[in-house]
Amino acid sequence: PWVLAEDDDLDPSTHPRTLHTPRYGMSCYFERGDGEMYDKEKDPDEFRNVWNDPAYSRDKEELLRLMLHAVVTATDPEPKQLADA
């Protein structure tokens, strides 16, 4: 019901996480504390960012919960090896 895209190769100040559901597309820039959200039913070309639109606050909250679940689920539980030991 959803797809998560992670991009850690971009500018380290953004590291966006993008979640797509059948109705919405949401990108979160956690380090900046903002994001983008698009209603793909009403705006299939994603021209109108509804991230700060009060009419979408409930859907945004639900998507943020889903995003958290998706990020935690996708996180590798093994720590990265930083140097040869």
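S27 is buried, at a relative accessible area of 14%. Buried here means under 20% relative accessible area, with exposed over 50% and partly exposed in between (1.4 Å probe, protein chains only). The model is predicted, so local features need pLDDT of at least 70 and side-chain atom pairs count only at pLDDT 80 or more, while totals for chains, interfaces and linings use all residues. Residues are numbered from 1 along each chain as its sequence is written, and side-chain values use heavy atoms, leaving out hydrogens and water.

S27 sits in strand β3, residues 24-29. Strands are DSSP runs of E, at least two residues; helices are runs of H or I, at least four; both are numbered from the N terminus. The S27 side chain makes a polar contact with the side chain of T18, at 2.9 Å. Such a contact is a pair of N or O atoms within 3.5 Å; within protein, one must be able to donate a hydrogen and the other to accept it, and residues adjacent in sequence count only if both atoms are side-chain atoms.

The whole structure holds one aromatic pair. The ring centres of Y24 and Y56 are 6.2 Å apart and the planes stand at 90 degrees, so the pair is edge-to-face. Pairing needs centres within 6.5 Å, for rings of Phe, Tyr and Trp (its six-membered ring); planes under 30 degrees apart are stacked, over 60 edge-to-face, the rest tilted. Y24 lies in strand β3 and Y56 in the loop between β4 (34-39) and α1 (57-74), 32 residues apart.

| Residue | Relative accessible area |
|---|---|
| Y24 | 7%, buried |
| Y56 | 8%, buried |
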